[in-house]
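Here is a short report for a first look at this structure.

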Amino acid sequence: MNVRRLIGFNLLTGIVLGVGGFYLGWYGGHWLINGLDIKSLDYFGDTDQNDVSLFLAYLLGVIGFLVGLGFANYPLARLRGYPSSLREKETTGISRYFGLSTDHKVVGMQYFVGIGLFFFVGGLNAMLIRFELLRPEPNVIPAGNYLTLVTEHGTMMMGMMTSGILGPFANYLLPLMIGARRMAFPRIEALTFWLLMAAGVILISAVFYGGVPTGWTGYEPLNVQGNMGMDAYIMFFALVGISMCLLGLNMLATVITMRAPGMTWTRLPIFVWGVISTAVLMLLAAPVLIAALTMAAMDRTVQTSFFVTAQGGSSYLFEDLFWFFGHPEVYILALPGFGIVLELMAVFARKPVWGYRLAVAGMLGVSLLSFTVWQHHLFVSGINSDLRPFYMLSTELISIPTGFIFVCAMGTVWRGRIQFTVPMLFCLAWVFNFLFGGLTGIFVSDAPSDVTTHGSFFVMAHFHYTIMGGLIFTFFAAIYYWLPKMTGYMMNERLGKVHFWTMFISFNSTFGPLFALGFMGMARRVVTYPTNLQPLNDWVSASAFVLGISMLVFLYNLVYSQLFAKVPAGANPWGSRSLEFQLPSPVPVHDFDRIPVIVGDPYGYGEEGAVVARPAFAGAGGQP
Amino acid sequence: MSSTQKKIAGILAVVAVAGVAIGFYVVGVWLAGPKAYRPPVLAGATPTVDLTLQTDAAAGPTLAANPDWVSYFVLDSTNHWRHTTIWTLPAHATIHVTIYQFDGDSGLRNPFMAKVRGTVGNTMTLNGETTDVINPNDASHTFAVPALDLIVPLVGVADDAKNQCGFGPCPLSTAHQTITFTFETPGKGRYRWQCFVPCAAGFLDGFGGPMQTLGYMDGFLNVV
Amino acid sequence: MRRLGDGRRIALIWLVTTTVAMVLVAVFLAPHLPPGNGSKEASGQRFDNEVLTLTSIPLITLIFVYFGYVLFAFRDRGDGAGDGPPIRGHIRVQTAWVVGTTLTVLFLAAFGTYELLGGAGGGQGSSPVFVPAAEAATPGGPPVPPLQVQVIAQQWQFTFRYPSEGGFESAQFVLPVNRQVELHVTSLDVIHSFWVPALGVKADANPGVDNVAYVTPTRIENVRFECAELCGLFHGYMFDTGRIVSQSAFAAWVKSQRAFVAPVTKYLPKYSTSYLPQPAFRAG
């Protein structure tokens, strides 16, 4: 092992400096509180909680981590007047994945593994939750731990999976799809990844600081009552918010400025439009969350009263700020899936995307309207009741652009030559899942119906159908479709089908009955429930365990096909006309030999003499 | 060793490490919780249990992880105080409870909780005198089991009392109030009990920290 | 390889399945839809759910029939036939879809607003707009004002105050049947939510805020009420059973409860639509 390579700016240095920064902040915070003798912070002595220290510790820890990775090198070099250049892209070796890399392909793979790891942690938490709910009385998890468990599951999933598609796939593929060699801001691209990893570790550390009692929504004033673990939650979402904001910025800047000559807006692959509509939301909604959490942190440390009614604040303020972010957030989760489904259905039906402009209008329409609906989370909260018809209308209106995606999917498969490959199966499952997810959304958006379903397992089932049934299924579709391009090896088809069918059936078996449970009066986040609901809960838990096993099937497929079977994928295993499949697999470091000139869109299936780009790609084995 | 065998060995090593990590994570983080205490059952026509408790202004460093938090303690059969709030009691039994209250008053957020409910006769004795209500501003803690509609408010030690106890477990020689009451346990089940006085100093509404952590001001009655 | 009548075949199958499904749902499922008929508001919500379900059925059957047919009829038969026909869109189908979905959505929004007119059992804040009409106690008699019941949420129990009966407070939730009730839901500390599934009532309890919800129970039964907003450690235990009783039983209960809690009633603060007990932070 080359010791010299270990020393330098990489993950190891990052961890060392991160831990150092953490302790510096922790003891520095204690010194601040004790040494400066601030009267209003005296209560830290009574509560055994030192929120200021913990925030400082996390902050300095993250800064140390980023400095150790090498993010300060470029700014410092420029500050001192030295010329700078993008860091040399290392061409080989596994060590390039363990540090700051400006190669968008490396960042994409880093995202894939990093998000995958945290997805499994969140999934493990879900298995524990379902195990606990096997019995109506407290089972194996003490009551205090259960709330933190529920919060950890939700927060981890919501924070990590917002970048679930844009992180791995858009980072890797967006430049290739638009004919560029890099993202607009490669260093920011790497920053978004490492911020997310630091955030994940911080969230997991919350369990060692007294847990988080509020659920992923972090409502005030319970937020202020929480132990120090609440600070970890706040720090997590602040970092995730910054990461999301920068990721969206990068995507938009890349698409706007770095398209190849001839790549007009109407020749973009539909997946890119999905990325654009998501990036807009990321850029605009995340800052509101960061603002709300900054206020929450101030309420918890220096005793401001933004959200404490007894001292002049309002608990509604947090709900509004959170959901102003929170509703666009769930569309951030759903929109990339729309793009993936249409993109893949075109390839596997061997037809152009039907109604391309309608689909784009649908995605942008969802994006725009998502900012106008957030009060539907507060229908029974005591908001002014004449607001309810307006927000009911605006929420139901969003289903119209969402419906455009369905009709475009229907048109794309009409009279096609449909191939039931594993990615296509996942896309068809999306149609099924999002149909029920979207329709039950109509139920909860209807204020009278929402009186019963708000805060119940019905809402839980609704958002798991749209988020897990929508996002996660398209996530796997994207993996089976694009991983061969990224690594050069195909995923095993038979194992993929086993994975798909186990996952699809167990998913519906897990979340379908939850609609009934909600209607029968089971509230969310409860560790105990009426005994007559036990059989249904047991069925759901058993199905959830099978769902967990299906993930292990996927893992087995991943390891087996990528490390052992190693069936070469070739440049274009699916016969796609899109630009990324005209390059070799895995994609070479410099991406394109020559930037192509685009003369057509990638959906010329069945059209005589349709061409995507000139000059034709030599030796790539794809369609000219 | 061929490269395939090396790969398999590597993967098995990763799986083993992951398995151990997951095991520690699940058992150490999630399953860990306070232990239950089972007081001895006295024989008789109906089972009877004597439960002796104390409430302190600060749990103290000897038994508790958070020494500054208010806390309950339970007296075990060897005459030592234990730091647990999960007690195992027999079903359909008579429980005689004695509480030594060492903390000062904080006052109730909802004065309605100052009325004694759910005990035998809906009364308690405070330092020997039978009463069914206290002044809500004098309350220091409560012992309440909402599922049994049981609530007993505990009067606080006066601010100017001599010889107040600093941190627990407190000896009976220091200033305290003595409250006794009797209640009947129902059938099998787990019933949560809690304090209703906002006694968690420094937390918003006095309801954070010890008021939301098992082992301090909240617990369970495991009726078996 | 044009097949005539694919579209027509799909449309026919769809019409038949939709009609059958809608009839089956309307006859067998709809009367049992939650939240049931325990109160006027619950019955209204049940009807609302019925309309939503019946409106969803055509879309569900459309997707199922369409994809079922298309995935079978247009599957790749492995005969190397190449790409499919380059159909990029169809203005009439797209327009029909946009218009159809827009009309359906507008209808649902209008219908939901109509159902909201009675308040639908949801919390409306301190100045409710959708107030159901006051009713007569006896047929043909003068309208009586609704019975005011204050629901005080605290960590982790609900207590109830009856201002018209001397302002006494109780931990028991008892309502008279067939009498309009005006619930005033408030919290003493964090956000809770008062949910009675059988009565179709849910109103969030925010500190310092009066959240009004209307309900008229129509059945004598025991109802479970629970907290529907995460409020801390014992959120899952913040439930109990309330009782809807006859008017005479209610009067008897009021009398006995007032006498039982009389020693503490003098300590209660004057009845108010919200309370903010001070101080917010206790000193150690």
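In this predicted model, 9 residues of domain 1 of chain C are in contact with 12 residues of domain 2 of chain C. The side of domain 1 that touches domain 2 of chain C has 2 nonpolar, 5 polar and 2 charged residues. Domain 1 of chain C covers 2-74 + 92-117, and domain 2 covers 135-265. The C-alpha centres of these two domains of chain C lie 37 Å apart.

Now the contact between chains. Here 79 residues of chain A meet 77 residues of chain C. Several helices of chain A each supply at least two residues of the side that touches chain C, including helix 3 (43-47), helix 7 (143-161) and helix 13 (315-349). Helix 15 of chain A gives the largest share of that side, 12 residues.

The table sorts the residues of the side of chain A that touches chain C by class.

| Class | Residues of chain A on the side that touches chain C |
|---|---|
| Nonpolar | 43 residues |
| Polar | 25 residues |

How far apart are the end C-alpha atoms of helix 16 of chain A? They are 34 Å apart. At 1.5 Å a residue, the 24 residues of this helix should span 34 Å, so the two values agree. Of those 24 residues, 23 are buried, so helix 16 of chain A is largely enclosed by the rest of the structure.

Key
Residues numbered from 1 in each chain as written. Chains lettered and ligands numbered in written order. Predicted model: local features only at pLDDT ≥ 70, side-chain atom pairs only at ≥ 80, totals over all residues. Contact = placed C-beta atoms within 7 Å. Helix = DSSP H or I, 4+ residues; strand = E, 2+ residues; numbered from the N terminus. Nonpolar A, V, L, I, M, F, W, Y, C, P; charged D, E, K, R; others polar. Domains from an automatic or database assignment. Expected span 1.5 Å × (residues − 1). Buried ≥ 20, exposed ≤ 12 C-beta atoms within 10 Å, placed from the backbone.
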